[in-house]
Number of protein chains: 4
Amino acid sequence: MTAKLGRNSYGKSNVRLVKIKRLGDRHDIRDLTVGVFFDGDYDAVHRAGDNSHCLPTDTMKNSVYALAKMKEIGEIEEFGATLVRHFMVDDPYVARIRVEIEEHPWERLVAGGWPHPHAFSRGGGGTRVATVTGTRDGLGVDAGIDDLLVLKSADSAFSGYLTDQFTTLRPTNDRILATVISARWTYADAIDIDYALAYSLARQAMLDRFGEHESQSVQHTLFAMGEAMLERVPEITSVRLTLPNKHHLLVDLSSFGLENDNEIFVPTAEPFGLIEALITRS
Amino acid sequence: MTAKLGRNSYGKSNVRLVKIKRLGDRHDIRDLTVGVFFDGDYDAVHRAGDNSHCLPTDTMKNSVYALAKMKEIGEIEEFGATLVRHFMVDDPYVARIRVEIEEHPWERLVAGGWPHPHAFSRGGGGTRVATVTGTRDGLGVDAGIDDLLVLKSADSAFSGYLTDQFTTLRPTNDRILATVISARWTYADAIDIDYALAYSLARQAMLDRFGEHESQSVQHTLFAMGEAMLERVPEITSVRLTLPNKHHLLVDLSSFGLENDNEIFVPTAEPFGLIEALITRS
Amino acid sequence: MTAKLGRNSYGKSNVRLVKIKRLGDRHDIRDLTVGVFFDGDYDAVHRAGDNSHCLPTDTMKNSVYALAKMKEIGEIEEFGATLVRHFMVDDPYVARIRVEIEEHPWERLVAGGWPHPHAFSRGGGGTRVATVTGTRDGLGVDAGIDDLLVLKSADSAFSGYLTDQFTTLRPTNDRILATVISARWTYADAIDIDYALAYSLARQAMLDRFGEHESQSVQHTLFAMGEAMLERVPEITSVRLTLPNKHHLLVDLSSFGLENDNEIFVPTAEPFGLIEALITRS
Amino acid sequence: MTAKLGRNSYGKSNVRLVKIKRLGDRHDIRDLTVGVFFDGDYDAVHRAGDNSHCLPTDTMKNSVYALAKMKEIGEIEEFGATLVRHFMVDDPYVARIRVEIEEHPWERLVAGGWPHPHAFSRGGGGTRVATVTGTRDGLGVDAGIDDLLVLKSADSAFSGYLTDQFTTLRPTNDRILATVISARWTYADAIDIDYALAYSLARQAMLDRFGEHESQSVQHTLFAMGEAMLERVPEITSVRLTLPNKHHLLVDLSSFGLENDNEIFVPTAEPFGLIEALITRS
């Protein structure tokens, strides 16, 4: 029998990087986690233990730090592109490169009513992410957000569903809808996009729609959110949303002679619903 | 040989509770994790398997939900006191009760420029906590904060320290100081304290001092932060601070002909320094 | 603009199930985490909030418990197939079902030298997993293992690799190779496979090869492990291995006048190499 | 106002260490996580930023690696004592030292039916831990175990408990008892103890008693386990056990016409009971 090498990749994950930019009157901070992954004709590496075409993952890590020093980081989509281009030029053997970046948010401390020039606290509101992929033929840019926990306590129903012999769920016109948004979207063209603006508009479109939507299900709201993002940001060609349903169960207080009119809930960690969909332009 | 029962406690941990308050024009949300722990003469429970003096932890859990319905929650210190008093009256056998509460922050979504009446996103800035303990003689109230990640990129030094044969650290006048603040403080008297105000002042005192301090070490800044809290909030009698030193190591770029003038850092997760101290009024 | 629904799925994740089988002289225990995911024409659910074709994820959860009671669980591949078939019959609208199962290992306590009839402790050696997918046309079965931490302290080298201006890694003929094996393999045909035996043979083939291999890189050992699995288990058509490189760095003790001859290491959690490949029959 | 420094400590946490011992025909591996914490008169460090009495935590880390090279590690209690004595001699200012060590278990791979000379997999059965504390007057040694998950599916009841208006729990004579054992015990005298043997006997005593006990409550079994340890290991003066009650709830299948005779359970992660007690010799 001869075994055959199929799709493969290798790289360095979780490269942690903080860059402090010392401006005249203040410091700026960037805090990133970077992953670099290579795909190519690495048959000899796998079969023969011949490493001559293999750039070590340690060198990938060094390159992230060196390029963070040599270049402006810019938006994470731009730093991703910088890294992809560097490796494409540097390494003749790699065929496809994927760079994944998360940015950990910091906010300036407000001390005595003023933003502090060099002290910060961790920000909230989700983690911005980007994935840049490149081949010899060009670049593709995806952006997104993770860990954005949201909840609405009205305008959420779930009823009229399919039933069978194992149905015990009761239909409701008024439940808590809570989820941790994870979104990934693709930009039509990697040139001349204002990534900071596009991110901000996409994020706000998603949240605005979440808030205002008359939800019949997580699926229903997911689709509406994706649609809003496509409407608001023309550069986005498609968006994939992954929404765990963070169930909030109504506590039964009837044995204590108490009525629980959608007031007291127990949030449960498991099991959880998990809803995913890709929304594209038609 | 006869074994003897020493200090013991039992209770329910991680009781998750969300309460939605339906006001005319908006909803308010409270999101708590509650722990209830009993201490008393439970010799017969342990030795003889005689449970007649043992209130089940399941009943503790039910009581949290029932009381959240029957009473105003108020500040978490107040809800803790409500629970302690309830159990003290309810159970003749318990000698000492400890209730621990964390409050998970939610912020209103801003949609179309306005705060949303019933949609929220998870807030940042650390988790507020309280511990209320009670005996037949009275209550004690501790408050605090967890998970408050802060960083300053100037005004932090570490030099002049003790050296030995295993010293390799170089003194520095300019390093990143980063930590995840965990603080617990004790109130002098559990009556007539404005807990929301005291918390807010203590937190701000801590952060103001962190920002402005000319730090010679984590210990130095820890003490200054504790001192500021005692100065700003007269009701606080002592504060315990626990500060992991989240090391940010300067990356050596010299092999690439690059100078790294306190610009590029790698944040490391382990090992980490860990600094703890209690600061009291003298 | 009209948005379009692309690939989508919904389901219930992390359904926790323990089944105790009461035999004459002993109990057997099964401890599973189950996920059930549906894919189909759910356009109306997403667009119109019409749930009439949507089986609630709560019903999926109930079905897992009910079928665990009504049927023998058997091997997890078999229970996965039981669930897929049930939902396929039960729900006329679903097109594709994916059931994912992990089995948490328990070992009998040995007390007084004998295996205990009804007391257990958590076992080691990795977590067995299976994924069964089904359509109206038939079933496909994948099996695998997660969280299998292995290390070898000899017969591992990494040298002869590509270098560039950012290379600082030194070649080595003797390093620690450590990884957490995650493997997924596909069975040729879902009928008449002895899943317990195939799993056991695949796992042992992987570990035998890991131990005996003269490793030139993680890739080299990964391929050898996959090849061994294909050789040993004819029912397997392909295997995907995901191997993080859990770096163990040699500690520099030279400043203390101590030589570190591959003896003292610091295992680091991040960054880490990440090597993935699919090995198929040619 | 003058603030006063109360109880304080500083040190290095999570120092990761792997030592490979190269014997003629095989390798042995030790894998430890070490923490070193100092307590003393560090008033000037905290108040004045005077570090002259402060041994950096970086030096603590270096010392762990250097001593791991220079000395036999031996049992973790012995390596803890080695570290405490080193720092006590090395640093004139420290008053009290605490060294905490966990040992991560590795088992030899069995390949072709034989234990492999230099390949290992992660072992199960809990993590052995030790804490050595020292002052100028001597040493104290605690040992223990963490993360030992056990379950029994018979001989566990909970009934006859105190009830009130919020009781809904039903008494049971047959429930699953599951917990993650965390134990810490103190040795009478740090000299001439066979730590490996004492650990092994204490652990086995605990597990034997867990298996055989006719449990009326977690407290009841906790006490019995502690008592067994004191009986079996004369060098132990006291033991503290911390036992979360990992609830396994009976699933209600009655709506589906199915009887669930203690067969199908859902293990829940939160909330959980938490039972702690110290058992001493009387």
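Two residues are in contact when heavy atoms of each lie within 4.5 Å. The views below show a predicted model, in which local features need pLDDT of at least 70 and side-chain atom pairs count only at pLDDT 80 or more, whereas totals for chains, interfaces and linings use all residues. Residues are numbered from 1 along each chain as its sequence is written, chains are lettered from A and ligands numbered from 1 in the order in which they are written, and side-chain values use heavy atoms, with hydrogens and water left out.

**View 1. The interface of chain A and chain C.**
Here 74 residues of chain A are in contact with 74 residues of chain C. The buried area, that is, the accessible area (1.4 Å probe) that two parts lose on being put together, summed over both, is about 6,200 Å² for this pair, and carbon and sulfur atoms give 58% of it. On the side of chain A, the residues that lose the most area to chain C are His46(A), Leu162(A) and Phe166(A), together 12% of what that side buries. Across the interface of chain A and chain C, 30 residue pairs are in polar contact, both residues being at pLDDT 80 or more. A polar contact is a pair of N or O atoms within 3.5 Å; within protein, one must be able to donate a hydrogen and the other to accept it, and residues adjacent in sequence count only if both atoms are side-chain atoms.

**View 2. The elements of chain A that touch chain C.**
Helices (H or I, at least four residues) and strands (E, at least two) are DSSP runs, numbered from the N terminus. Across the interface of chain A and chain C there are 30 residue pairs in polar contact (both at pLDDT 80 or more). Elements of chain A that give two or more residues to the side touching chain C include strand E1 (3-22), helix H1 (43-48), helix H2 (57-70) and helix H3 (76-90). E1(A) gives the most to that side, with 14 residues. The residues of the side of chain A that touches chain C divide into 28 nonpolar, 30 polar and 16 charged. In this division, Ala, Val, Leu, Ile, Met, Phe, Trp, Tyr, Cys and Pro count as nonpolar, Asp, Glu, Lys and Arg as charged, and the others, Gly among them, as polar.

Asn62(A) is placed in helix H2 of chain A. Asn62(A) counts as buried at 8% relative accessibility; buried means under 20% relative accessible area, exposed over 50%, and partly exposed in between (1.4 Å probe, protein chains only). The side chains of Asn62(A) and Thr168(C) are joined by a polar contact of 2.7 Å. Apart from neighbours within four places in sequence, Asn62(A) is in contact with Phe256(B), Phe166(C), Thr167(C) and Thr168(C).

**View 3. Helix H2 of chain C.**
The 14 residues of helix H2 (residues 57-70) of chain C should span 20 Å at 1.5 Å a residue, and the end C-alpha atoms are 20 Å apart, which agrees. The expected span is 1.5 Å times one less than the number of residues in the helix. Because 11 of the 14 residues of H2(C) are buried, the helix is largely enclosed by the rest of the structure. Among the buried residues of H2(C) are Met60(C), Asn62(C), Val64(C), Tyr65(C) and Leu67(C). The packing partners of the buried residues of H2(C) include strand E12 (272-281) of chain A, helix H3 (76-90) of chain C and strand E11 (264-267) of chain D.

**View 4. The contact of chain C with chain B.**
In this view, 8 residues of chain C are in contact with 8 residues of chain B. Chain C and chain B bury about 550 Å² between them, with 71% of it on carbon and sulfur atoms. Between chain C and chain B the count is 0 salt bridges, and 0 residue pairs are in polar contact (both at pLDDT 80 or more).

Most residues other than glycine have a negative phi, and most peptide bonds are trans. Glu270(B) and Pro271(B) are joined by a cis peptide bond, with omega about -5°. Pro271(B) lies in the loop between strand E11 (264-267) and strand E12 (272-281) of chain B. Asn262(C), although not a glycine, has a positive phi of about 55°, and Asn262(C) counts as buried at 13% relative accessibility.

Key:
A salt bridge is a side-chain nitrogen of Lys or Arg within 4 Å of a carboxyl oxygen of Asp or Glu.
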